[in-house]
Amino acid sequence: MIDVISKFLIVFGLFFFFVGTIGLLRFPYVLTRAHGAAKADTLGAVLSISGLVLQAGFSPVTIKLILIVCFLWTANPTATHMIAKAIYAKDSKEE
């Protein structure tokens with residue numbers, strides 16, 4: 001049962017990576033591209049790593065994967081926000 005759930009999480013995470021890539025290619029403006037890519041990448045990575053946590057069982061690898069998820073939840077939105085803020089500041093200076 002755990003194998004089925006972990007494979008489902010990994011496939012669902014890959015689906016969000018794919019959707020984020022399509023959003024990156026289809027959205028017209030750079031800030032909407034950044035928003036779509038950040039949301040989809042964060043969710044895709046967390047789901048994929050959650051599936052790996054289930055596959056690993058209780059081990060030191062599990063603790064490392066959980067720390068990676070915590071780092072991604074913090075770093076990915078923060079980095080995207082800072083990039084978007086820099087782009088917005090650059091665009092507002094040009095006008």
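Student: What does the secondary structure of the chain come to?

Tutor: The chain has three helices and zero strands, where helices (H or I, at least four residues) and strands (E, at least two) are DSSP runs numbered from the N terminus. Read from the N terminus on, the elements run α-α-α. This is a predicted model, in which local features need pLDDT of at least 70 and side-chain atom pairs count only at pLDDT 80 or more, while totals for chains, interfaces and linings use all residues. Residues are numbered from 1 along each chain as its sequence is written, and side-chain values use heavy atoms, with hydrogens and water left out.

Student: Is the chain spread out or compact?

Tutor: The radius of gyration of the chain is 16 Å, well over the 12 Å that the globule rule gives for 95 residues, so the chain is more spread out than a compact globule. That radius is taken over C-alpha atoms, and the globule rule is 2.2 Å times the number of residues to the power 0.38. Along its principal axes, the C-alpha trace spans about 55 × 25 × 10 Å.

Student: And how much of the chain is buried?

Tutor: Of the 95 residues, 24% count as buried, with buried meaning under 20% relative accessible area, exposed over 50%, and partly exposed in between (1.4 Å probe, protein chains only).

Student: Which residues make up the largest nonpolar core?

Tutor: That core has five residues in all, namely Val46, Ile49, Val53, Leu65 and Val69. Helix H2 (30–56) and helix H3 (60–94) each supply at least two residues of this core, and the largest share, three residues, comes from H2. A nonpolar core here is a set of buried Ala, Val, Leu, Ile, Met, Phe, Trp, Tyr and Cys residues joined through side-chain atoms within 4.5 Å.

Student: Where does Pro77 lie, then?

Tutor: Pro77 also lies in helix H3, but it counts as partly exposed, because its relative accessibility is 39%. With neighbours within four places in sequence left aside, Pro77 is in contact with Thr42 and Leu72. The C-alpha atoms of Pro77 and Lys39 are separated by 7.9 Å, although these residues are 38 apart along the chain.

Student: You mentioned Lys39; which helix is Lys39 found in?

Tutor: Lys39 is found in helix H2 and counts as exposed at 54% relative accessibility. Its C-alpha atom and that of Val61, 22 residues apart along the chain, are separated by 26 Å.

Student: Changing topic, where is the place of Gly57?

Tutor: Gly57 sits in the loop between H2 and H3, and it counts as partly exposed at 31% relative accessibility.

Definitions and conventions:
Contact means heavy atoms within 4.5 Å.
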